[in-house]
Amino acid sequence: MLAVVLTLLVAIIMPIAAVIAIFSTDFEIDVPEFQRLAVQNLTPEQRADLQFIEDTGNAIQAALTARGQEKRLKEALVLFLFALGDFAHEPGFAEKLAGCFVEGQTHTELIAAVNAAFGTDIDPRTSKKSCLS
């Protein structure tokens, strides 16, 4: 009986003590070290994929900047990552995507331009939630 009571007390008190200990200490994450360790644990294929995503994102940013549309980078990256990934290996992808962005266009007009350029059928209503969140 005493063992059961002690076990229950430990089971209740230990998680509370752990939470208190975590929040009462200065806890800092070394972001560069964390990133290095995360990348270190990737397979060579995963590293290549990650590098491709980074390189493509940089190319999209450069293409948008060249068109004066750098403020729309978030929208372009969301489209790249969630809707146009299958096209990203095509030559000129970043420029083609950046060419869909025009000053003053609505989201619906942007998606129409993307659909025309890439032959996709992206729904402007569902994509707007992703692009604006």
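**Exercise 1. Find the partner of the Glu75 side chain, then place Glu75 in the fold.**

Step 1: the side chain of Glu75 makes a polar contact with that of Arg72, at 2.8 Å. Such a contact is a pair of N or O atoms within 3.5 Å, one able to donate a hydrogen and the other to accept it; for residues adjacent in sequence, both must be side-chain atoms.

Step 2: Glu75 sits in helix H4, residues 73–82 (helices are DSSP runs of H or I, at least four residues, numbered from the N terminus).

Step 3: Glu75 counts as buried because its relative accessibility is 14% (buried is under 20%, with a 1.4 Å probe and protein chains only).

A word on the ground rules: this is a predicted model, where local features need pLDDT of at least 70, side-chain atom pairs need 80 or more, and totals for chains, interfaces and linings use all residues. Residues are numbered from 1 along each chain as its sequence is written, and side-chain values use heavy atoms, leaving out hydrogens and water.

**Exercise 2. Work out how Phe93 and Phe118 are arranged.**

Step 1: count the aromatic pairs (ring centres within 6.5 Å; planes under 30 degrees apart are stacked, over 60 edge-to-face, the rest tilted), and you get three.

Step 2: Phe93 and Phe118 make a tilted pair, 5.6 Å centre to centre with 55 degrees between planes.

Step 3: Phe93 is in helix H5 (residues 93–98) and Phe118 in helix H6 (residues 107–118), so the pair ties together parts 25 residues apart in sequence.

Step 4: both Phe93 and Phe118 are buried.

How values were computed
Helix = DSSP H or I, 4+ residues; strand = E, 2+ residues; numbered from the N terminus. Buried < 20%, exposed > 50% of the residue type's maximum accessible area, 1.4 Å probe, protein only. Phe/Tyr/Trp six-rings, centres within 6.5 Å; stacked < 30°, edge-to-face > 60°.
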